[in-house]
Amino acid sequence: MKIKTKLTLGVGLLFLMIVLLSVVSAINIYKQKSDTEKILIANYNSLEYSKNMMLSLDKISEDSTQTEIFKNNLILEGKNLTEIGEEDAYQSLRTHFQNFEQTPNSETEKLIRNDLVELMRLNMSAIVQKSDTAIATSQSATTWVISLGSVCFLIAFTLLFNLPGNIARPIRELTESIKQIANKNYHERIHFKGSAEFEDLANSFNSMAKKLEEYQNSSLSKNLMNKKRVEMLIANMHDPVIGLDENNHINFINEEALKISGLVREDLAGKTASEIAVNNDLLRELLRNASLEEKSEAPMKIFADQKESYFEPEIIPISIIPTGETMKKDAGKVILLRNITAYKELDFAKTNFIATVSHELKTPISSMKMGTQLLKSEKFGTLNEQQKELLKSIDEDGDRLLNITGELLNLSQAESGNIRLNIQDCNVSDLVKKAVSNNQIVAENKEIQLETEIKTEENSIVKADFDKTVWVLNNFLTNAIKHSEVGKKIIIKTENVSDKIKFSVQDFGKGIDSKYHSKVFDRYFQVPEDFQNGTGLGLAISKNFIEKQGGEIGVDSSVNEGSIFWVIL
């Protein structure tokens, strides 16, 4: 018989017996309760009424109110006639009491007392009879419960001594065999008889042991070759690599890592990375980065190859699931230093080029702007309409070129780290008013209303660079005006967020798809649309300005619901 069938039959039978025991117990307990209630309610009340009438009869000659008490109890007794012969005794009592009311005498009083005694006798007899019935019910219930309980006990006792042994013995033998396999004793075999499941398990185990034995004999040399291949690959990597095991010992380190760290391979034996890091600044910094949950975005500056080099550290945790287990186990980590010096040098060259070109362009553009202003003033002659239109177009292009060169200069300063911040106490309202006044005319030309919601206190202060923060708000407002339809409104709001101030600019334009939210602050990125202008640098510069001040910047937007660009300082 299969183990599943044994368990089902044994547990199922025990379950049915327990259910039967519960039902029988409940039925008998209900009967007992019913019999007890009968004793306590009807007969007890009749005895109480009779006792009250007897006491009233004793005092009726002295106290006229006792007659009413007698009558009330008589009425109550008339409504509680439950025993055989009780109604006849009640009618006799009622007749005798009426006669007593008309002609009080000792003979009638005696008859009344006899009637009351008869009522009490009938109810006392009923109580005794019902008590006997309750006792009989209790005894019957006890017999049934004990009988069924004994049967349940025998079944449970049988299951307790037979079933665990039938299951545990093969499992114990299997466990011992698995330990032998874990110790690489692949000759181990097991054999079970009697249970189909355990016979199948034994056959599967023996098959696994046989395959492991074959695998051990055939794959050892292959594993050694694979290990040497991996070691050679790591040794010849151009990027420094350091491998740590779960106990923080250096498991492997290639020549590039030894060269930039100044370590000697022979000095690493038997020491943990923490012990070596005490006298090695680079390893100490790498271990500190490895212990941090958040990855640092800034590259590491290390003197290597006779020059200042840049490396981007990457910590790769290693987790494995040991054979035969289900939980992951920490197996150490790999520290990889990507050499990004060449890219950094190109980036510096690009930044310097942008800064130089932007700076050199500002002078001729300013001269062009001055020339257009002089021509507009008509000091050198009157202009016709076509000339005025052409001059207006040149002036607008000059403004656009100035804006672009200004943004490029800001970007080059941000990338080179040469931003000069003037952090001071700035009034929140003043920042908003300045940004609104800078964009008021442009908004009015497009019939757009700029609304302000200052939810902070009147004299709220933030630590910020006034000009650069206004520049960021200007950028938000310019973008909002550009992407808003004619006649719409834009809301500039300030509010408290814990101990900080949040500035936000909300428009009701097309909005930005959520898939672009993470890219809008990247350099040169522009949301794909039918018409684009600008450089795609404004938001990237804004992000740099705000983060250099220790603030936060972000966007909340949905398609066709507008956008909210915000900063927190």
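Which residue in β4 is the bridge partner of Ile 302? In this predicted model, the partner is Ser 309. The residue belongs to strand β4, which covers residues 307-320. Ser 309 has a relative accessibility of 1%, so it counts as buried. Beyond its neighbours within four places in sequence, Ser 309 is in contact with Met 300, Lys 301, Ile 302, Ala 304 and Thr 341.

Strands β3 and β4 run antiparallel to each other and are joined over five bridges. The two strands form a hairpin, with two residues between them. Asp 305 lies in the turn and has a positive phi of about 55 degrees. β4 also pairs with β5, a strand of residues 329-339. This pairing is antiparallel too and runs over nine bridges. Here Pro 313 stands opposite Leu 337 of β5.

These strands are part of an open sheet of five strands. Their order is β2-β1-β5-β4-β3, and the pairing is antiparallel. At the edges lie β2 (250-253) and β3 (300-304), each of which pairs on one side only. From one strand to the next, the twist averages 30 degrees. Strands of a sheet pair through backbone hydrogen bonds, in either a parallel or an antiparallel sense.

Attention now turns to the helices. Helix α3 consists of 17 residues, 86-102. At 1.5 Å a residue the helix should span 24 Å, and its end C-alpha atoms are 25 Å apart, which agrees. Seven positions can be named on its buried side: Glu 86, Ala 89, Tyr 90, Leu 93, His 96, Phe 97 and Phe 100. Seen down the axis, the buried residues of α3 fall within an arc of 135 degrees, so they line one face of the helix. An α-helix has 3.6 residues a turn, so residues three or four places apart point the same way. On the other side of α3, Asp 88 and Gln 102 are exposed.

Phe 70 lies in helix α2 (residues 65-78) and Phe 97 in helix α3, so the pair ties together parts that are 27 residues apart in sequence. Both Phe 70 and Phe 97 are buried.

Trp 471 and Phe 545 also pair. Their ring centres are 5.5 Å apart and their planes stand at 75 degrees, so the pair is edge-to-face. Trp 471 is in helix α12 (residues 466-482) and Phe 545 in helix α13 (residues 538-548), so this pair ties together parts that are 74 residues apart in sequence. Phe 545, at 2%, counts as buried. Elsewhere, Phe 476, Phe 521 and Phe 565 are linked by ring pairs into a cluster.

Technical notes:
Residues are numbered from 1 along each chain as its sequence is written. This is a predicted model: local features need pLDDT of at least 70, side-chain atom pairs count only at pLDDT 80 or more; totals for chains, interfaces and linings use all residues. Side-chain values use heavy atoms; hydrogens and water are left out. Helices (H or I, at least four residues) and strands (E, at least two) are DSSP runs, numbered from the N terminus. The expected span of a helix is 1.5 Å times one less than its number of residues. Buried means under 20% relative accessible area, exposed over 50%, partly exposed in between (1.4 Å probe, protein chains only). The arc is that of the directions from the helix axis to the C-beta atoms. Contact means heavy atoms within 4.5 Å. Two strands pair if DSSP finds at least two bridges between them. Axes are lines fitted to C-alpha atoms, for helices over the stretch in contact, and angles run from 0 to 180 degrees between N-to-C directions. Rings of Phe, Tyr and Trp (its six-membered ring) pair if their centres lie within 6.5 Å; planes under 30 degrees apart count as stacked, over 60 as edge-to-face and the rest as tilted.
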